[in-house]
Amino acid sequence: MVQNITISNFFSIREPLEVSFEASKEKQYSEDWIIKIGNFRLLKAILLYGANGSGKTNLLCALDFLRHTILNVPAEADQDLNYMRFALDPTYRHKNTEFDLHFFIGGTRYRYRLELTPKRILEEELRVYHNGNLSRAVYTRKFNEDKGVNIVRFGTWMTLSPKDRKTIEEATTANLSVLTAFITRNISCEELTKVRNYFKQEFFRLYNVADADQEVAKAIKEDSNLKLLLLDLLQTFHSNIVDVESEEETRQIPEEARQFLMQMNISESEKNVIANLKSLSKWTSNYIHKTQLGEFALSEDLQSEGTKSFIRHLALFYKALKGNWLIALDEFGSGMQAKTQHLLLDFFLKFSRGSQLIFATQSLGFLDFPTMRRDAIQIVSKDRRIGQTQIDANTIRSIHKNIKLRKAYNDGRFTTIDPNEPDFNLSERKNQYQSLIFNFKQEGGDV
């Protein structure tokens, strides 16, 4: 689980910006919302509210980028790290990007720090805590600019031979993390394996559920418990779906097509994948609807968008709960009724044992969630003076618990989100815009 993460100089994030999962002292709804690890109380979910363009998505991308950077094995040793620094301030175009993360694996607390540019990783550090706030280094990594080499130092307590330490140091290239350099070598180290597996299997990924229909079909076929859960929950909004039938269709790849792909300008690793790829599989689902006239199988394409969105999210949450995943979602709740939003969020909160959810939303339906905690809502906004993303986790906490959040929003208590901002009057610009749309000059009067 994550305690907090601080990000600086990444996309629209300029100065250090902290996203914290630490819960306040508020006791209300703690059973569903909070997991205790030692003296720490961590929230299972965080909601990012903000207007379009405020930087909510960039925050989620930062988490996904951090995971990717730690795990990625680039095709080329000098391949750039694919991201952009804060572009609206010339001085920040040349400053380093930094991530500072506190997290837990089981009951053990860690700190991971990363400093980089689009060209290389400059510094990397992993520390593990013991005896409260005391910590010791698992490893540190720094780029020696004069010698052009990475210097990696492991804690003296680490069970690594001098030879293994040197092997990992030599494998740590400009765009390769120490954790991944370690895994590319046949070296045994329980501590490093445990941390890398955490980032690979559990740490935040940004999911696009709109593209998940094949994964959902496969999961329903392979896991009967997911299917039972889905069919039962569909009844909560009077669906007449009584069964789901998923199947896999396999097609052989013609040799001509494979040879054509092999001739394209792709990396050697991609060519190896294509060379070994003999067939393609496609998973599809049919949903069985029962009425007084009988049972009818309808493809997933014929289901409503709201129903499909619910099914995709439920399948993702089910997997996350079983695997203690940390998941990030952009515009969670879009296209769903408030009741459906509430059901999914309640499902995640009630059954999470170590999973965490962070999502961006503009849906006011979540403000009416019956057991919403004030410390779970963080407001994201854009500083118009310099264009940087900023986050406010305190305003909502200060709103009295007897005031409904929807009313607080409508009264302007969310500060940087103005619900009463005047509507844009298109009538005043009718002639101007008609000339732009239809490409003719204004000659006065209505056209």
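This section describes strand pairing, surface patches, salt bridges and aromatic contacts in a predicted model.

Three elements, S12, S13 and S14, make up an open sheet of 3 strands in that order, with antiparallel pairing. Strand S12 (241–252) and strand S14 (294–299) are the edge strands; each has a single partner strand, so one side of each lacks a neighbour in the sheet. On average, neighbouring strands of this sheet are turned by 25° against each other, with direction ignored. Strand S13, which spans residues 279–291, is joined to S14 by 6 bridges, and the two run antiparallel. Within this pairing, Tyr287 is found opposite Leu298 of S14.

Leu298 is also part of a nonpolar patch on the surface, together with Leu293, Phe296 and Leu302. The accessible area of these residues together is about 430 Å². Leu302 is located in the loop that runs between S14 and helix H10 (305–323). The relative accessibility of Leu302 is 59%, and the residue therefore counts as exposed, the cut-off for this class being over 50%.

Leu47 has Ile377 in S17 as its bridge partner. The pairing of S17 with strand S18 (residues 388–392) is antiparallel and extends over 5 bridges. Here Val380 stands opposite Ile391, a residue of S18. S17 and S18 form a hairpin with 4 residues between the strands, and in this hairpin Gly387 adopts a positive phi near 80°.

Charged side chains were examined next. Side chains of opposite charge can pair when their charged atoms come close. The count of salt bridges in the model is 23. One of them links Lys194 and Glu191, with 4.0 Å between the closest N and O atoms. Both residues belong to helix H5 (residues 190–201), where Lys194 and Glu191 are 3 residues apart, about one turn of the helix. Glu191 has a relative accessible area of 16% and is therefore buried, since the limit for this class is under 20%. Lys194, at 32% relative accessibility, counts as partly exposed.

A further salt bridge is formed by Glu249 and Arg251, whose closest N and O atoms are 2.9 Å apart. Glu249 is partly exposed at a relative accessible area of 37%, whereas Arg251 is exposed at 58%. Asp411 and Lys407 also form a salt bridge, and the closest N and O atoms of this pair are 2.6 Å apart. With a relative accessibility of 46%, Asp411 counts as partly exposed.

Aromatic contacts were considered last. A pair of aromatic rings is described by the distance of the centres and the angle of the planes. The count of aromatic pairs is 29. In the pair of Phe10 and Phe99, the ring centres are 5.9 Å apart and the planes stand at 65°, so the arrangement is edge-to-face. This pair links distant parts of the chain, as the two residues are 89 residues apart. Phe10 is in the loop between strand S1 (2–8) and strand S2 (17–20), and Phe99 is in strand S6 (residues 97–105). Phe10 counts as buried at 1% relative accessibility, and Phe99 is likewise buried at 1%.

Trp33 and Phe369 make up another edge-to-face pair, with 6.4 Å from centre to centre and 75° between the planes. Trp33 lies in helix H1 (residues 30–33), while Phe369 lies in the loop between strand S16 (356–361) and S17; the pair therefore ties together parts that are 336 residues apart in sequence. Trp33 is buried at 0% relative accessibility, and Phe369 is buried with a relative accessible area of 5%. Finally, one aromatic cluster is formed by Phe21, Phe103, Tyr110, Tyr112, Tyr198, Phe199, Phe203 and Phe204.

Definitions and conventions
Residues are numbered from 1 along each chain as its sequence is written. This is a predicted model: local features need pLDDT of at least 70, side-chain atom pairs count only at pLDDT 80 or more; totals for chains, interfaces and linings use all residues. Side-chain values use heavy atoms; hydrogens and water are left out. Two strands pair if DSSP finds at least two bridges between them. Axes are lines fitted to C-alpha atoms, for helices over the stretch in contact, and angles run from 0 to 180 degrees between N-to-C directions. Patches are made of residues with over 30% relative accessible area and no salt bridge: like charges are joined within 9 Å, nonpolar side chains (Val, Leu, Ile, Met, Phe, Trp, Tyr) within 5 Å. Accessible areas come from the Shrake-Rupley method with a 1.4 Å probe; for residues, only the protein chains shown count as cover. A salt bridge is a side-chain nitrogen of Lys or Arg within 4 Å of a carboxyl oxygen of Asp or Glu. Buried means under 20% relative accessible area, exposed over 50%, partly exposed in between (1.4 Å probe, protein chains only). Rings of Phe, Tyr and Trp (its six-membered ring) pair if their centres lie within 6.5 Å; planes under 30 degrees apart count as stacked, over 60 as edge-to-face and the rest as tilted.
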